[in-house]
Each structure stands twice: as structure tokens, then as C-alpha cells.
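Hi,

Here is the model I said I would pass on. Have a look at it first, and my notes follow below.

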Amino acid sequence: MSTIEKALEFEQTSLRSLSTSDRVKLSRQAKSLILELNQIYKKKKDQKIMDLMKRLTAIKRKVEKRLPTTVTI
């Protein structure tokens, strides 16, 4: 499965009723996907990849907003 397919699948993940550990896992997964997509974007300069990275970043921020401040990512 390619990075873009993984990112699109991740985007469909439900964010309802998640435990703190689930939120940490989601945040870390989003971060790694964003970094991988960034490497692809540097080579291809495809606007669709940039839009996908922006959507993933928004999801990551939503998840992190609801994490306690004592949790380190």
C-alpha cells in the first residue's frame, strides 16, 4: 500500500470515543504520514499531495487538542 493510500485510509478513521493512548497513536501516525507525504511532495510538487497533507494536519491538530498537556508526543 502506498503512502498516499495509507493517508487516504487514515483520513477515514473515526475520531469518536478515543482513549488517550489511541489519541497518541493517531497523532504519531498522522505525523509520520505527513512527513512521508512531504518527501513525495518535494519531488513531484503535486498540489493534491499538499492538500492531503493539510487535511491530515487538521486531523492531527484536532486529536492533539484533546490530549492532556502532560502527554508527550
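What covers the buried residues of helix 1? The cover includes helix 2 (20-44) and helix 3 (47-65). I'll come back to that after some background.

This is a predicted model, in which local features need pLDDT of at least 70, side-chain atom pairs count only at pLDDT 80 or more, and totals for chains, interfaces and linings use all residues. Numbering runs from 1 along each chain as its sequence is written, and side-chain values use heavy atoms, with hydrogens and water left out.

**Overall picture**

The protein chain has three helices and zero strands, in the order α-α-α along the sequence. (Helices are DSSP runs of H or I with at least four residues, strands are runs of E with at least two, and both are numbered from the N terminus.) Along the principal axes, the C-alpha atoms fill a box of roughly 40 × 20 × 20 Å.

Of the 73 residues, 29% are buried, meaning under 20% relative accessible area with a 1.4 Å probe, protein chains only; exposed is over 50%, and partly exposed is in between. Among contacts (heavy atoms within 4.5 Å) with a separation of 6 or more, 62% are between residues 24 or more positions apart.

On charge, there are 18 positive and 8 negative ones, and their mean positions are 6 Å apart. Lys and Arg count as positive, Asp and Glu as negative, while His and the chain ends are not counted; each charge is placed at NZ of Lys, CZ of Arg, CG of Asp or CD of Glu.

**Helix 1**

The buried residues here are T3, A7 and F10. They sit on the same side of helix 1 because they cover an arc of only 60 degrees around the axis, the arc being that of the directions from the helix axis to the C-beta atoms.

T3 lies in helix 1 (residues 3-11) and counts as buried because its relative accessible area is 17%. Leaving out residues up to four places away in sequence, T3 touches L33, E36, L37 and I40. With E36 there is also a side-chain to side-chain polar contact at 3.1 Å. (That is a pair of N or O atoms within 3.5 Å; within protein, one must be able to donate a hydrogen and the other to accept it, and residues adjacent in sequence count only if both atoms are side-chain atoms.)

E11 is also in helix 1. Its contacts, setting aside neighbours within four places in sequence, are L52, R55 and I59. From E11 to K45 is 34 residues in sequence and 21 Å in space, C-alpha to C-alpha.

Cheers
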